[in-house]
Amino acid sequence: MPDQPNQPQQMHNINHTDLQNFVKQILIANKTSPEHAEIVSKCLVSADLRGVDTHGSNRIPSYMERIRQNALDPSAVPTIRQVTPAVAQVDAHNGFGFVAAHEGMKLAISMAQIFGIGMVSVKHSNHFGMSAWLVQQALKADMMSLVFTNSSPALPVWGGKEKLMGVSPIACGAPAGEGRPFILDMAPSIAARGKIYKALRRGEKIPTDWALDKDGARTDDPAEALQGVMLPMGGPKGSALSVMMDVFSGVLSGSAFAGHVTNPYDPSKPADVGHFLVAIKPDLFMTIEEFKGRMDYLYQRVVDSEKMAGVDRIYFPGEIEMITEEKRLAQGIPFATAEIEGLNKEADLVKVERLKV
Ligand SMILES: NC(=O)c1ccc[n+]([C@@H]2O[C@H](COP(=O)([O-])OP(=O)(O)OC[C@H]3O[C@@H](n4cnc5c(N)ncnc54)[C@H](O)[C@@H]3O)[C@@H](O)[C@H]2O)c1
């Protein structure tokens with residue numbers, strides 16, 4: 001956390017390969033196998049590259065604290081139970097959510113390659129960061145996907161005032177040909193809670209429609225917002241989507257649900273997060289070329305649509321993040337001084353070479 005929460009921080013650009021190696025070394029030094037450290041570091045840096053800074057490498061200190069407090073087992077190996085030929089269950093055994101979900105999507109893809117669809121439920125897992133990396137995993141195999149997870153209480157249900165449902169993201173995707181693939185990845189709140197943590201780290205204010213403080217008043221102070229509740233997008237509809245994530249990821253899997261998932265920043269006990277992953281073969285009803293051609297047509301229709309006043313360009317879902325990724329691959333990923341200090345503190349604890357700026 002920054003020493004002076006209200007002072008905007010100086011930014012430094014970090015090369016993505018250096019960052020991934022650095023994160024990987026910290027993970028390995030904290031009892032994660034090199035194979036699992038590769039998966040976790042790749043997912044975190046993929047979020048950094050796509051501009052989802054809230055769910056990238058800056059999460060390392062909170063994840064490492066969970067390891068130190070025995071709330072997360074870095075050496076857990078997920079186990080698989082094949083339920084039907086197209087349905088499997090993964091038990092994460094309280095290991096990294098990234099590792100269990102990666103294994104789950106790999107399974108879903110291999111089942112979809114044979115049966116057209118593969119469905120995987122993951123239990124006893126942890127936070128897996130940015131959902132879009134699982135959509136990207138499916139896209140690499142030319143698969144459509146649904147990626148759901150539940151999360152710790154942050155939102156009231158519509159009409160309520162206590163934190164009960166998670167700001168649980170809904171993600172899905174579909175491959176394209178020449179155009180950009182479709183990647184939707186959205187939290188059912190007006191803004192993801194990670195954006196409030198990021199504002200706090202960077203000494204920034206937040207828009208007043210994101211959250212209420214503990215007394216139920218609108219606030220632009222990230223610290224006060226974290227004491228209160230997030231506001232759902234679209235009123236009761238956002239709160240219903242959050243319940244939906246809990247049904248598919250929590251109730252169905254056998255993991256915690258109904259407000260019982262532990263906050264990733266609370267290292268006192270296991271999180272018991274559930275995930276729900278589906279891979280779908282896009283060429284079930286036509287050839288893959290025809291499907292991709294139709295996706296390209298949809299992309300073009302969307303981005304060429306007539307613009308409302310004040311809009312310069314229309315983007316396809318996921319396109320802004322892809323443009324950011326292209327830029328950051330070339331120019332590096334911006335980090336605030338306090339964020340680099342936070343990461344280097346972790347490096348010092350396990351005697352890993354510090355990140356240079
Ligand atoms: N694992 C967890 O428990 C957890 C919890 C909350 C959020 N998250 C992650 O936080 C991240 C941020 O979520 P968010 O809801 O704040 O995302 P967001 O509001 O930045 O984007 C949501 C979606 O809208 C699209 N979009 C945004 N602006 C657009 C525009 N101008 N035109 C067209 N499309 C546009 C994006 O491509 C994206 O698919 C996600 O990656 C999510 O997975 C994870």
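**Close-up 1. His-124 sits in strand β4, which covers residues 117–125.** This is a predicted model, so keep that in mind as you look around. The phi of His-124 is near 50 degrees, a positive value in a residue other than glycine. Most residues other than glycine have a negative phi. Is His-124 buried or exposed? His-124 is buried, because 22 other C-beta atoms lie within 10 Å, and 20 or more count as buried.

**Close-up 2. Asp-142 lies in the loop between α5 (132–140) and β5 (144–149).** Here, too, the residue is not a glycine, yet the phi of Asp-142 is positive, at about 60 degrees. With 17 other C-beta atoms within 10 Å, Asp-142 is partly exposed.

**Close-up 3. Helix α1 (residues 16–29) packs with helix α2 (residues 34–49).** Their axes are 8 Å apart and the angle is about 140 degrees, which means that α1 is oblique to α2. The crossing of these two helices, α1 and α2, is right-handed. Among the residues making the contact are Leu-19, Val-23 and Leu-27 of α1, and Ala-37, Val-40 and Leu-44 of α2. By class, the residues of the contact of α1 with α2 are ten nonpolar, three polar and four charged.

How values were computed. Residues are numbered from 1 along each chain as its sequence is written. This is a predicted model: local features need pLDDT of at least 70, side-chain atom pairs count only at pLDDT 80 or more; totals for chains, interfaces and linings use all residues. Axes are lines fitted to C-alpha atoms, for helices over the stretch in contact, and angles run from 0 to 180 degrees between N-to-C directions. Helices (H or I, at least four residues) and strands (E, at least two) are DSSP runs, numbered from the N terminus. Angles under 35 degrees count as roughly parallel, over 145 as roughly antiparallel, 65 to 115 as roughly perpendicular and the rest as oblique. A crossing is left-handed if the near helix is turned anticlockwise from the far one by less than a right angle, and right-handed if clockwise. Two residues are in contact if their C-beta atoms, placed from the backbone, lie within 7 Å. Ala, Val, Leu, Ile, Met, Phe, Trp, Tyr, Cys and Pro count as nonpolar, Asp, Glu, Lys and Arg as charged, and the others, Gly among them, as polar. A residue is buried if 20 or more other C-beta atoms lie within 10 Å of its own, exposed if 12 or fewer, and partly exposed in between; C-beta atoms are placed from the backbone.
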